[in-house]
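Open the model in your viewer and keep the selection tool ready. This tour goes from a sheet to the helices around it.

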Amino acid sequence: MPLFRFRGGAKVAGRKDLTSDRGIVTPPLPPVLHIPLQQHVGNPAVPAVRVGEHVVKGQLIADAKGTISAPVHAPTSGHVTRIGAHTAPHPSGLPVMTLSLEPDGKETWIRLPEPLDLQVATGAQIAQRVAEAGVVGMGGAAFPAAVKLNQGQRYRLDLLILNGAECEPYLTCDDRLMRERPEQLIAGIRIMMQALAVERAVIAVEDNKHISFTILREACAGDPGIDTVYVPARYPMGSSKHLVKAVTGREAPATGLTAEMGVIVHNVATAFAVYEAVALGKPLISRIVTVSGKALRRPENYDALIGTPVSWLVQQSGGLASEPRQVLMGGPMMGEPLPNLDVPITKGTTGVLFLEGTEVADKNVMPCIGCGSCVTVCPSGLLPLEMAKMLQHEDIDGADRIGLRDCISCGSCNYVCPSHIPLVQFFNYGKGRLRNQDQEKKQHERIKILTEQRRQRLEDGTATAPSTPGMNERNDGASER
Ligand code: SF4
Ligand code: SF4
């Protein structure tokens, strides 16, 4: 299959050799699991159990709230010891409602739902099962997978791309999954194709993962609808829009979806979770995570239960070899510093890195020398230097005009900047400000519409007289009953 070039991108040091040959290891049960109810894009899940309750493995412990949300299931059997937001750790460092569970060591499973009969299952039924299993995008985005599997109803789709690029340095969790569980992965791809009603799927693997590529090519040899393709190891190849461009030549609009181009992109680990949900009836309660970096004694790929504290995995890896200069959740390009080691593995955690001084670039910030490297490398065709200048002067609208919303926060500009200017921090700050502005604008427009509707009703004589607070209270109570 011919490949197409995408603009920009950086050649980054892979540093995957620390774990690429380490097979997937299942760690022992930790003494406690901290399970956040917000592990996905959308509304947080709502607790479905109480403190003190005994739960079994796979039991629903928090319900999805709305369409863009995901339920959460017990990763093992045990007792719920706490549900709260203030003391529980979360990767964001913010207080997020979290359920703590003390395992009883028995690993007693709930009775799982019967596998779906794929001979007769509709796309909507498959998506429903995936939603009930709490499957989210496992490449880090954590967008509810069922919502994307329903896109076939809105868009004319012709291709599913499985993202096996894993372009972030250090991370090898997808690589190990592709090597060790290819049959289940291919079965998950077929299920996704059925849900999306597409006849073609392509597994895109970076050209530095020859073993995975060969294994997958053999595993799907008998299936004319599924193909494997090498994509260049060029960061950020794992970004869905750039992957679509590289594989199909189609360019999705900056603020649009790849579905508008007829293509849906799912991570390979999501395909595996879809297989487990649909063919085995299993909810998403564990994931493969790379724990790496030279400050760690024994880097590994763990199949960890959701909620496992990072400190437990460090202990399984023989502890720290030296004081890390940086501890990151995710890869070094887009990962976030960890607030502490009690933070749990969530559905979107691809890796945790313990980097020593030699692995972290010298961060002394110097003035811009106008070299233009950030412009050359930007895969979104932006002018990072100009945007950063504007944001430094709080000119949010100016940065918006020259494309701030198109920035995918990939960190390529940071990586190549010889002056170590923290460009992506400016962009994340600016995008946060834009989000707030948008929300305020929406709120303002809503109030304007409501005021106008009320004015019209008053003019028509159909508006009711304003109620007294006491009457409102009584009315609210009556309507609830
Ligand atoms: S972080 Fe944004 S501006 Fe920088 S290279 Fe990536 S997309 Fe371009
Ligand atoms: S890469 Fe850094 S030094 Fe070079 S133009 Fe961009 S901001 Fe300036």
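Select the open sheet of 4 strands, ordered S11-S10-S9-S12 with parallel pairing. Strands here are DSSP runs of E, at least two residues, and helices are runs of H or I, at least four, both numbered from the N terminus. Two strands pair if DSSP finds at least two bridges between them. The edges are strand S11 (226-231) and strand S12 (263-267), each pairing on one side only. From one strand to the next, the twist averages 25 degrees.

This is a predicted model: local features need pLDDT of at least 70, side-chain atom pairs count only at pLDDT 80 or more, and totals for chains, interfaces and linings use all residues. Residues are numbered from 1 along each chain as its sequence is written, while chains are lettered from A and ligands numbered from 1 in the order in which they are written.

Next, select S9 (residues 159-164) and S10 (residues 201-206). They pair in the parallel sense over 5 bridges. Pick asparagine 163: its bridge partner in S10 is alanine 204.

H6 lies across S9, S10, S11 and S12, at about 115 degrees to S9. Angles run from 0 to 180 degrees between N-to-C directions, with axes fitted to C-alpha atoms, for helices over the stretch in contact. Contact means C-beta atoms, placed from the backbone, within 7 Å.

Then show helix H7 (residues 268-279). H7 lies across S9, S10 and S12, running at about 80 degrees to S12.

Last stop: helices H4 (residues 182-196) and H5 (residues 210-219). They pack at about 60 degrees, axes 10 Å apart. Pro182, Glu183 and Ile186 of H4 meet Ile215, Leu216 and Ala219 of H5.

How values were computed:
Two residues are in contact if their C-beta atoms, placed from the backbone, lie within 7 Å.
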